[in-house]
There are 2 protein chains.
Amino acid sequence: MSFNEQQPLRIGVVLFDGFESLDAFGPIEVFGTLTPKTKIVTLGQSPAFRPRGGPSVAVDYTFDQAPKLDLLIVPGGQGTRTLVNDQEFLDNLSALAASVPKVASVCTGSALLAKAGLLDGRKATSNKRSFQWVTTQSDKVHWVYESRWVDDGKYATSSGISAGIDLSLALVSKYFGIEQARKTAQQIEYVWNEDSTKDPFAAVNE
Amino acid sequence: MSFNEQQPLRIGVVLFDGFESLDAFGPIEVFGTLTPKTKIVTLGQSPAFRPRGGPSVAVDYTFDQAPKLDLLIVPGGQGTRTLVNDQEFLDNLSALAASVPKVASVCTGSALLAKAGLLDGRKATSNKRSFQWVTTQSDKVHWVYESRWVDDGKYATSSGISAGIDLSLALVSKYFGIEQARKTAQQIEYVWNEDSTKDPFAAVNE
């Protein structure tokens, strides 16, 4: 499938109280540079949410009113510690994920996907510093410690915070080609960690 | 001066229509991790602004109602192309900058500072792809092409988009020490470009 101005890649970013700024705004930056070949909306159960230490960010749609999406992005952050025990949120997330062909998480966003059972039988990764906590959310996931991101079929999960930028660029490559991904990395002056198996933070956090 | 929970580093982030997501949220991520030793507010002339392709972000204070700040951060983005010709905005920015001991810009944010005359006689840098446009905003600035960021007294200016994260970590080092800066970089799983003179994007954009 090819995306363009007439038929943009429709991206939904899930927001919640205590989401991590860069987990959401790294991907928003990467895909935002491709406007109007991309269209980004935010999704959540309140009109706005504050990330840790940051300003209030508006929600465009509640989960049940979400428009048709091609890609769903789930950030992590302190807020996930509460949300893994919020069955209503997990049910909403599962229902939304069921309607989207590709779902990506950043950092501890994979804890939410795992707890919702969405990663059962798949390979996945997460933030290195919270790895132990994340992996206790499900024993049905093949957790991969050393990986900048893991792309296993419908679900792609990234390592901590900035790794969401690397995963987003990999998804740009998937949807728009490797040359576009490299051009986007150059445009945002980001040194893209192009190899998903190269994880600079696996060793330091062991 | 030392900052702590009782006396946090007070940071103001300027927002405007068409600011670049990561220019603002890179620094917000870096300084946000240090909450409550930092306190971040957003400043602007409307209640909320949308970055390119991204969601609406709330403004906490208008310029003239800004609380006392220790550090002002000015992002770049497409919106700066209009704002360099908006004398009222530039006057407001100048008045605000006069009351803050340290001002940092990301990407084309330095075009705004330059046009307002705030960088006169100082060394400064900017986004590599927009460098020519930025430098035409003032011939009284000693523009430095090859530099990830330039810290010249009161004003620190960074190169494009992601470079704001590197500059922010350098400012964390200045306010909280180098060990804290390295710890923060590790926490957000970001490979910090610690050397301001090392500019990976100077050559590719020449």
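**Strand 2 of chain A**

I began with strand 2 of chain A, residues 38-43, in this predicted model. Five of its six residues are buried, so the strand is largely enclosed by the rest of the structure. I took buried to mean under 20% relative accessible area.

Next I looked up the pairing of this strand. Strand 1 of chain A, residues 9-14, pairs with strand 2 of chain A in the parallel sense, over six bridges. Within this pair I noted A:Val13, which stands opposite A:Thr42 of strand 2. I then followed the chain between the two strands.

**Where chain B meets chain A**

I turned to the contact between the chains. Chain B gives 41 residues to it, and chain A gives 41 residues. The area buried between them is about 3500 Å², with 55% of it from carbon and sulfur atoms.

Which residue of chain A forms a salt bridge with B:Asp60? I found A:Arg50, with the closest N and O atoms 3.1 Å apart. Across the interface there are four salt bridges. I also noted 18 residue pairs in polar contact between chain B and chain A, both residues at pLDDT 80 or more.

Last, I listed the elements of chain B that each supply at least two residues to the side touching chain A: helix 1 (21-32), strand 2 (38-43), strand 4 (57-58), helix 6 (163-176) and helix 7 (178-187). Helix 1 of chain B provides the largest share of that side, six residues.

Methods
Residues numbered from 1 in each chain as written. Chains lettered and ligands numbered in written order. Predicted model: local features only at pLDDT ≥ 70, side-chain atom pairs only at ≥ 80, totals over all residues. Heavy atoms only, no water. Buried < 20%, exposed > 50% of the residue type's maximum accessible area, 1.4 Å probe, protein only. Helix = DSSP H or I, 4+ residues; strand = E, 2+ residues; numbered from the N terminus. Pairing = 2+ DSSP bridges. Contact = heavy atoms within 4.5 Å. Buried area = accessible area lost by both parts, 1.4 Å probe. Salt bridge = Lys/Arg side-chain N within 4 Å of Asp/Glu carboxyl O. Polar contact = N/O pair within 3.5 Å; in protein donor to acceptor, adjacent residues only side chain to side chain.
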